[in-house]
Amino acid sequence: MKLNVNGTVHEVDAPEDMPLLWVLRDVLGMTGTKFGCGMAQCGACTVHLDGQATRSCVLPVSSVGSRMVTTIEGLSPDGTHPVQKAWAEVDVVQCGYCQPGQIMSAAALLAHHPNPTDAEIDLALAGNICRCGAYQRIREAVRAAATQRRADR
Amino acid sequence: MTALSRREMLRASLLSGAGLFVAFHIPRKARAAAQPPAKPLPDPNAFVRVAPDGSVTVLLAHSEMGQGIWTGLAMLIAEELDCNWSKIRVEHAPASPVYAHPAFGIQMTGGSTTTWSEFDRYRQAGAMARAMLVRAAAAQWKTDPKKLRTENGFVLRGSDKLSYGELAVAAQAQTPPKSVKLKDRKEWKIIGKPTRRLDSPEKITGKAQFGMDVRLPGVRTALVARSPVFGGKVKSFDASKAKGVKGVEQVVQVPSGVAVVASNFWSAKLGRDALTVDWDPGPGATLDSAALVKSYRETARTKGTVAAEKGDAETALSKASKRVVAEYDVPYLAHATMEPLNATVKLEGDRCEIWTGTQFQTMDQLTAGRIAGIPPQNVSIHTQFLGGGFGRRATPSSDFVAEAVQVAKAAGVPVKVMWTREDDIQGGFYRPLFLHRIEAGLDDKGLPSAWKHTIVGQSILTGTPFEKMMVKNGIDETSIEGIVDSPYFETVPARLVTVHSPRSPVTVLWWRSVGNTHTAFAMESMIDELAWAAGRDPLEFRTAMLADHPRHRRALQTAAEKAGWGKPPPAGRARGLAVHESFGSIIAEVAEVSVDDQKEIHVHKVSCAVDCGTALNPLGIEAQVQGAVAFGLSAVLHSELTLKEGRVEQSNFHDYQVLRLPDMPTVTVQIIESDAKMGGIGEPATAPISAAVANAVYALTKKRLRSLPLRFA
Amino acid sequence: MRRLLLLALVACTHAEPAPTPAPEAKSADPIASFATVKTVLQSPRCVNCHPAGDQPLQGDDGHAHQQFVQRGPEGRGAIGLACATCHGKANPPASYGLHMPPGVSTEWRLPPPEHRMVFAGVAARALCEQLKDVRQNGGKDSAALLHHVSEDPLVLWGWSPGTGRKPVPVAHADFVKAWKSWTDAGAPCPPQG
């Protein structure tokens, strides 16, 4: 089957039921998208499907169809997406394992809602667990990215 | 002696066992003595490399698991090397005796010890590298090295300058100096300066490689079916269906269970699902955590092994003008690191290569070598970024690494053994379930005059290679830390602490802040109960008890002032406080909470004041304190593992719940300027939060919650 | 293996019951038919997305949906954490295991905030009146309502809810029959209390 990932169409040989996460990681070798729970509880596997944040660990690859998959590797060519810049500026990461998922969720939020309140930030990222507890800076960085996006306009 | 032969000698001494001095936990009072003895200067080449392109590579003797040493240790090198910060690169060092922990003698990361234990060695390595660069420049300029100075990656003589890159090759040929003078505190330009993390760029682009991300040609993926009951053994298994799953290549038995080896994760998972294993569950089959708490409650009414005793606590209790009796209990907890456990192993001839995120390289080498039947120095470890550690990646038995070596050996192919979240939550190595029973008496001045304390809980270290060092007279140091060395405790004239350490098939382990996770809860809750019983303000009561402990008092007062202690909180809220010393650092926390009409507790603000001695990277310290508070709040508000009929009832984040973003309070962190000996920072802030919240809940509702997670019945 | 055991355990304790026959819905008794309708609407499969507040419910025990999931501005979840973040176009395959987010072809959703159609804890008469009130039910006339209950994939999902969830306890055909019998009789509402 064909799979459009970060603008490149891949011919993928994988069982239809295989979750998109494992196609990305084990078939395409793109390991930026992480495995954390396998049941859409932790958000580490978040990618965008046509711009919508989606948990790739519970999504059979066959159901992706022609939708565009964007992973952390494709969010920006060099880590300069406003969310990534804010993440560096605010010094968010600790162990870093959950951060691709956090960043993908934050980027999807801001794409749909450029000026979220703190409560809206909290609810949008409530599906992304961080065990290091970097939550406070995650919240600050989403805020900072929103401000930056507005300034860039 | 050349650098190489020095390294060889160190290696030989470790592998003969002579260098294996192990003491993971250092009691507070022994910490001064545990100061690493004056050691010969390090081999600078092992810790820092300057390349002709001007890049400076720092080799990290410890593992980066989120705590920020990737940046912190590089700051130490850079401070003395005077290099250009933007040219710094960091790598995990290989497993080698030269990277042994300066205080513990094995290569490892834990106990919030990295920064203080490496404070001298990494600065020395930087200073030595700088001296060699200066000497190379002096040789080129034919001048006296003393006339040269260094700045931002250059050696300078008046207006002449040579870059470190230009000098790199010549510097390599210089003999390392026999002694170096480190900068005086006043000269520091980097130490103490808020510094952003060096590992951010790769971690925000998905490029950072964790153990989970290791991909090597020919490596298969394996999942292991482990006993559903602790201590269970495989009786027999039927792999016919599993072998029919596309991608499954082999099904092999290993000591821990049955491994399904496949071409990818999904095939291995489907293969394992299709496996039928007949288990001999053994005595673990009847385990029940509710019954365990009940039996611990009974046990706590009997005297255990004496851990501390002064005066006659019983008599003093009988004479007290007021008595308070309370029991506190905490459940089993999984670490639930975001990156599930994994290890990739390649066995070839008499060599073993391991790629994993580990906190325990030396133990892994010894264990892997034993299983593979090769000398430990033939085991190479490629440490990857750790997707969280919290202690789980430091098992004395090297459980997840050992198992991966077993699978590779049985299957005869290189394998990556992966754990699912279910494997992780149900796989043991938990923070042990503990129960504390405290009977305390107040004198007529309203201060504690008697304290009788009984602790019941499994020993973490009994039965491990660490037992000899850390279990003394039958008492595991990690069961009593935070009590026998508590500054409150020493003011009580008559006191008795006894310990029961029941055995259980449930495997237990250190969990971020170790014994302090429960001892701080018990101590700081009880102190609060006594303050209320004495009719005194909880802050004033503590301050009175801590008269001889100015650092504790200052931390308390700083946190209390920031929190607005003494001023009325917003409507519907109340504040509670706690202070606790662990890992050489003192942290006071004031929590501001509310309780909604569903009886759910919400923590809105936490004001923290930290005295950790010299503060290397304030930006990192703030992150660690905020993170440790969040980690602790998971246990205060949500997380609990229970056993029924030997089986762990929880399996993933839907029923082993942890803190999420909307739960996260605003945590302010004030770092107290201190010239005290440097302490740790990764763990200490986890300890006091449970009592701070419970005390706030009491202030608000006048209901004392004594079990974690805190719940209104 | 653990998963297998778990499945076996669940199979024993939560065996999906064969839909029980609907309470005898006599054509002459539209009130009894409505009682059948109410049983369906207030079963976990329906009520979980017709909650009293703005947080959907989950599971056969109807606990608050984890991850702070919200109705959101259009009934499709919070901005940034839409239902579709986890709920796909179909239930995940059984091989994925238990507690997986279910899915449906028309996308997972709650009623929008303008007409929340609360089923949770609502008494029979109020439920009945709410269903018929076009201001409350999203402007659905009788035909649109019948279409929703008989053909909307999201409603039909209640009878094939995926591994580990109990289906609606009344057979779908019996439900539609009861619905029609109630509406054909002019959709009378039971008395107060």
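Colleague: How many residues does the contact take from chain C and from chain B?

Modeller: This is a predicted model. The contact takes 11 residues from chain C and 22 residues from chain B.

Colleague: And what area is buried between chain C and chain B?

Modeller: About 1,600 Å², with carbon and sulfur atoms giving 54% of that. On the side of chain C that touches chain B, the residues are 5 nonpolar, 4 polar and 2 charged.

Colleague: How many salt bridges does the rule find across the interface of chain C and chain B?

Modeller: The rule finds 0 salt bridges there. For polar contact it finds 2 residue pairs across the interface of chain C and chain B, both at pLDDT 80 or more.

Colleague: OK, switching to chain A and chain B. How many residues of each are in contact?

Modeller: 47 residues of chain A touch 58 residues of chain B. The buried area between chain A and chain B is about 4,600 Å², and carbon and sulfur atoms give 57% of it.

Colleague: What is the count of salt bridges between chain A and chain B?

Modeller: The count is 4. One salt bridge joins the side chains of Lys34(A) and Asp213(B), at 2.5 Å from N to O.

Colleague: How many residue pairs are in polar contact across the interface of chain A and chain B?

Modeller: 27 residue pairs, both residues at pLDDT 80 or more.

Colleague: Which helices of chain A each supply at least two residues of the side that touches chain B?

Modeller: Those of chain A are α1 (20-27), α2 (72-75), α3 (82-90), α4 (99-112), α5 (118-124) and α6 (135-152). By class, that side of chain A has 22 nonpolar, 14 polar and 11 charged residues.

Technical notes. Residues are numbered from 1 along each chain as its sequence is written. Chains are lettered from A and ligands numbered from 1 in the order in which they are written. This is a predicted model: local features need pLDDT of at least 70, side-chain atom pairs count only at pLDDT 80 or more; totals for chains, interfaces and linings use all residues. Side-chain values use heavy atoms; hydrogens and water are left out. Contact means heavy atoms within 4.5 Å. Buried area is the accessible area (1.4 Å probe) that two parts lose on being put together, summed over both. A polar contact is a pair of N or O atoms within 3.5 Å; within protein, one must be able to donate a hydrogen and the other to accept it, and residues adjacent in sequence count only if both atoms are side-chain atoms. Ala, Val, Leu, Ile, Met, Phe, Trp, Tyr, Cys and Pro count as nonpolar, Asp, Glu, Lys and Arg as charged, and the others, Gly among them, as polar. Helices (H or I, at least four residues) and strands (E, at least two) are DSSP runs, numbered from the N terminus.
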